[in-house]
Amino acid sequence: VAAPNYSRVRRNARESEAVLAVNEVEDPSAGGAVYVDGDWRVSRVVEKPPAGTSSTRWNNAGLMVLSPEIWPFIDRLEPSARGEYELPQAVAGAVAGGMETRAVPIQGPWFDIGTPESLAAARACFGA
């Protein structure tokens with residue numbers, strides 16, 4: 001399942017400065033809300049929006065290809081409340097700054113394995 005998604009993201013990266021894989025969810029508050037137009041151009045990225053506030057069902061799936069133009073946005077990052085430098089914040093800044101960014105929907109199962117429950121679901125799906 002992963003290989004076709006990687007190939008689609010790479011192909012789209014030839015035509016824009018950044019490409020984000022996205023997956024559809026009920027509420028992207030646990031990840032990153034990605035707002036797209038009808039041509040899959042990303043207009044906005046909101047990292048961990050408050051639950052129930054997003055008007056998009058697209059979530060940043062964590063697979064991305066970024067051009068070197070992302071570096072000035074990375075250089076401006078400040079540590080988050082968790083003390084981490086978070087790449088999605090740089091991507092959000094780049095999109096807001098006009099970086100041409102496309103979204104590619106994930107095909108097949110996708111799991112955020114950040115919790116024991118989601119890790120167990122991924123293992124069950126893939127028979128591990």
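Two aromatic pairs turn up in this structure, which is a predicted model where local features need pLDDT of at least 70, side-chain atom pairs count only at pLDDT 80 or more, and totals for chains, interfaces and linings use all residues. Residues are numbered from 1 along each chain as its sequence is written, and side-chain values use heavy atoms, with hydrogens and water left out.

By a pair I mean rings of Phe, Tyr or Trp (for Trp the six-membered ring) with centres within 6.5 Å; planes under 30 degrees apart are stacked, over 60 edge-to-face, and the rest tilted.

Take Trp 40 and Trp 58. Their ring centres are 5.1 Å apart and the planes stand at 75°, so this pair is edge-to-face. Helices (H or I, at least four residues) and strands (E, at least two) are DSSP runs, numbered from the N terminus. Trp 40 is partly exposed, at 30% relative accessible area; buried is under 20%, exposed over 50%, and partly exposed in between, with a 1.4 Å probe and protein chains only.

The other pair is Phe 111 with Phe 126, edge-to-face, 6.0 Å centre to centre and 75° between the planes. Phe 111 is in the loop between β5 (101–105) and α4 (116–126), and Phe 126 is in helix α4, so the pair ties together parts 15 residues apart in sequence. Phe 111 is partly exposed as well, at 27% relative accessibility.

Next, charges over rings. Arg 44 lies over the face of Tyr 35, 4.1 Å from the ring centre, and Arg 76 over that of Phe 73, at 4.8 Å. The test is NZ of Lys or CZ of Arg within 6 Å of the ring centre and within 35 degrees of the ring normal.

Last, the largest pocket. It holds about 350 Å³ of space. A pocket here is an open set of points on a 1 Å grid over the protein atoms alone, where a 1.4 Å probe fits, with protein on both sides within 12 Å along at least five of seven lines; lining residues have an atom within 4 Å of a point. The volume is the space filled by probe spheres set on the points, which are joined across faces, edges and corners. Of the 20 lining residues, the closest to the centre are Gly 31, Asn 59, Asn 60, Trp 110 and Asp 112. Strand β4 gives the most to this lining, with five residues.
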